[in-house]
Amino acid sequence: MAINLEIPKKLEPLAEQANQVATHILRPIARKYDLAEHTYPKELDTLAALISGMDDSGASSGAGAAAGSSDADGRAAADGGNRNGSNMATVLGIIEMCWGDTGLLLSMPGQGLGNSAIAAVADAEQKKRFGDKWAAMAITEPEAGSDSAAIRTTAVLDGDEYVLNGEKIFVTSGERADVLVVWATLDKQAGRAAIKSFIVERDNPGMKLDRLEHKLGIKASDTANFVLTDCRIPRENLLGSPEIDTKVSFAGAMKTFDNTRPLVAAMAVGVARACLEETRRLLEEAGVVIDYDRPLITQSAAAAEFVDLESDYEAARLLTLEAAWMADNSKPNSLEASFSKAKAGRSATDIALRCVALCGSVGYSEIDLLEKWARDAKILDIFEGTQQIQLLIIARQLLGLTSAQLK
């Protein structure tokens, strides 16, 4: 397996455009909406329309979080060469946008993680119906957080409709989204194999918004809790096969994560780079010299620590690009998706906190965005599968053990 570690030339304009958006639109309003939690950033409406137009025209090759796919863009080049498609484009765009602000990216209409789930699993008819809608992801429950297999929300087929009952918490963009991708079980006794995902319209009378959460970070993004009571949806809103196949087990539903985990890793990479660039600027202003041609032992402690953080960042970035590249080239990337999410999530949190410490009072105050980025980074090590769950998934795959054998 070969991967070119340089940004593909055809995607350089996309990355540059995303960086310009982050620089001139997201950064200037980042603090404003961090302080105004639950206030929708209206400045994003024009930006979302622009990205949608770029996607429709093909100019962006996938500018936002909704663009990752596992179908046509995931086929390897006919001549057996490398392909850089929508997954790589999406990752590169997200890195730049989250260099600007993660909470604002998550607040952009049409860029929910539920959109990536639809891109990964939906059939052609479903993509036509829901492809242009803003889709949030509803997985977590009060008693089913890291262990998605413990989901208790039920889906019962009644004629031509499924009836959903249960509770969903920590739904990113849940209040603002058009639809929710809700995970539920068709049969509690069948275990993981019975867990499926369903598309529920946000205005469905059977799904009630319970409350909005106040959070440590990504305050620009709303996080909602819902109660589903006899919530009826058309049977055509089931994503994937309705069959309960114990041989396939959880693989169908988990396929979603192979697409979304590299996207969360990309968010973490973007935040980490923002922290490093700002810290370098502040250190240089303070007279700290970072010399890559000299042994670290001969440099200041601050310079040595900064170079250590940079190496951690590079490892996370390359693992993230690898996971996206594999998806674009039709290579199974479940292990690599967890590699990227585990490494980037942990690295971003560590880098952000150590950058705050390196910059002293400036890093800890609201004079600079470093303290905000440190708060924002933490969620990237938690949602879409916590650090601990990623390491467990990785261990199972490397050791060839099942979830029952290694808990």
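**Strands, helices and charged pairs**

Mentor: Let us begin with two strands: β5 and β8 (residues 238-239) run antiparallel and are joined by two bridges. Keep in mind that this is a predicted model, in which local features need pLDDT of at least 70, side-chain atom pairs count only at pLDDT 80 or more, and totals for chains, interfaces and linings use all residues. Residues are numbered from 1 along each chain as its sequence is written, and side-chain values use heavy atoms, with hydrogens and water left out.

Trainee: What makes β5 and β8 a pair of strands?

Mentor: Two strands pair if DSSP finds at least two bridges between them, and β5 and β8 have two bridges. The strands themselves are DSSP runs of E with at least two residues, while helices are runs of H or I with at least four residues, and both are numbered from the N terminus.

Trainee: How many bridges pair β4 with β5, and in which sense?

Mentor: Seven bridges, in the antiparallel sense. W183 stands opposite S197 there.

Trainee: And how do β1 and β4 run, parallel or antiparallel?

Mentor: Strand β1 (residues 135-138) and strand β4 (residues 179-185) run parallel, with four bridges between them. In this pairing A138 faces V182 of β4.

Trainee: Which way do the residues of β1 point?

Mentor: A135 and M137 point one way, A136 and A138 the other way, and all are buried. In a regular strand the side chains alternate between the two faces of the sheet.

Trainee: How do you know which class V227 belongs to?

Mentor: The relative accessible area of V227 is 30%, so V227 counts as partly exposed. V227 belongs to strand β7 (residues 223-234). Among the residues V227 touches, beyond those up to four places away in sequence, are G166, M207 and D210.

Trainee: What makes β5 mostly covered?

Mentor: Six of the seven residues of β5 are buried.

Trainee: Why is the contact of E213 and R211 called a salt bridge?

Mentor: A salt bridge is a side-chain nitrogen of Lys or Arg within 4 Å of a carboxyl oxygen of Asp or Glu. The N to O distance for E213 and R211 is 3.2 Å, so the pair qualifies. E213, at 16% relative accessibility, counts as buried, and R211, at 38%, as partly exposed. Side chains of opposite charge can pair when their charged atoms come close. The structure holds 30 salt bridges.

Trainee: What makes K343 and D312 a link between distant parts of the chain?

Mentor: Their side chains meet in a salt bridge at 2.4 Å, N to O. K343 is in helix α9 (residues 334-358) and D312 in helix α8 (residues 301-328), 31 residues apart. D312 counts as buried, at 17% relative accessibility.

Trainee: How far apart along the helix are K372 and D376?

Mentor: K372 and D376 are four residues apart in helix α11 (residues 370-379), so about one helical turn separates them. Their side chains meet in a salt bridge at 2.5 Å, N to O. K372 counts as buried at 2% relative accessibility, and D376 counts as buried at 0%.

Trainee: Why are α1 and α11 called roughly perpendicular?

Mentor: The axes of helix α1 (residues 12-35) and α11 come within 11 Å and cross at roughly 70°. Axes are lines fitted to C-alpha atoms, for helices over the stretch in contact, with angles from 0 to 180 degrees between N-to-C directions. Angles under 35 degrees count as roughly parallel, over 145 as roughly antiparallel, 65 to 115 as roughly perpendicular and the rest as oblique. The two helices are therefore roughly perpendicular.

Terms used. Buried < 20%, exposed > 50% of the residue type's maximum accessible area, 1.4 Å probe, protein only. Contact = heavy atoms within 4.5 Å.
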